[in-house]
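Please look over the sequence and the model first.

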Amino acid sequence: MDSIDKLLAELQTEYKEVQPQQQSKSATAKSFIPSLPKSSFFIDNILAEVKADFAQEDAAIELKRQQRLEQERIRQEQLKAKQLEALKVQAKEWLAKVDPLSSEGLWFERFAESYPSKLEAAIEYLRSND
């Protein structure tokens, strides 16, 4: 938007420089020159169009950025889901192998009491040991 503001400022400066030159011409010459308000209106319309184009381009860039962020978020969620599935497989294998009467098995029984299932407790246990 700074570039648009600079462009607007430059056009206004040029317009102000041209305006005194047009006013200094004779009265007969003025009748053949388009009136100042019309040219001002024309410049304002062009500037408004340029500004709208830049705003539209900025909006498109922002939309693409948001889409990339959303795609990355989805990719991260899918990766986490895959990791959780792999951890579930490991936890099931670990649960099948652990001797419930060993010190680790007895400790795990007490640890698992605070979880909704032994599988969830095993997942958490394996996560913490990685």
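The overall picture comes first, then the details.

This is a predicted model, in which local features need pLDDT of at least 70, side-chain atom pairs count only at pLDDT 80 or more, and totals for chains, interfaces and linings use all residues. Residues are numbered from 1 along each chain as its sequence is written, and side-chain values use heavy atoms, with hydrogens and water left out.

**Overall fold**

The protein has five helices and zero strands. Helices (H or I, at least four residues) and strands (E, at least two) are DSSP runs, numbered from the N terminus. Along the sequence the pattern reads α-α-α-α-α. Of the 130 residues, 12% count as buried. Buried means under 20% relative accessible area, exposed means over 50%, and partly exposed lies in between (1.4 Å probe, protein chains only). Contact means heavy atoms within 4.5 Å. Of the contacts with a separation of 6 or more, 50% come from residues 24 or more positions apart.

**Confidence**

pLDDT is the predictor's confidence in each residue, from 0 to 100. The protein averages 84, and 83% of the residues score at least 70.

**Helices H4 and H5**

H4 (residues 103-112) packs against H5 (residues 118-129) at an angle of about 110 degrees, with the axes 9 Å apart. Axes are lines fitted to C-alpha atoms, for helices over the stretch in contact, and angles run from 0 to 180 degrees between N-to-C directions. The two helices are therefore roughly perpendicular, a term for angles of 65 to 115 degrees. From H4, Glu104, Trp107, Phe108, Glu109, Phe111 and Ala112 take part; they meet Lys118, Ala121, Ala122, Glu124 and Tyr125 of H5. By class, this contact has seven nonpolar, no polar and four charged residues. Here Ala, Val, Leu, Ile, Met, Phe, Trp, Tyr, Cys and Pro count as nonpolar, Asp, Glu, Lys and Arg as charged, and the others, Gly among them, as polar.

**Two residues**

Glu109 sits in helix H4. Lys88 belongs to helix H3 (residues 36-97). Leaving aside neighbours within four places in sequence, Lys88 contacts Leu119 and Ile123. The table lists accessibility for both residues.

| Residue | Relative accessible area | Class |
|---|---|---|
| Glu109 | 31% | partly exposed |
| Lys88 | 28% | partly exposed |

Glu109 and Ala121 are twelve residues apart along the chain, and their C-alpha atoms are separated by 9.3 Å. Lys88 and Glu120 are 32 residues apart in sequence and 8.3 Å apart in space, C-alpha to C-alpha.

Conventions: Parallel < 35°, antiparallel > 145°, perpendicular 65-115°, else oblique.
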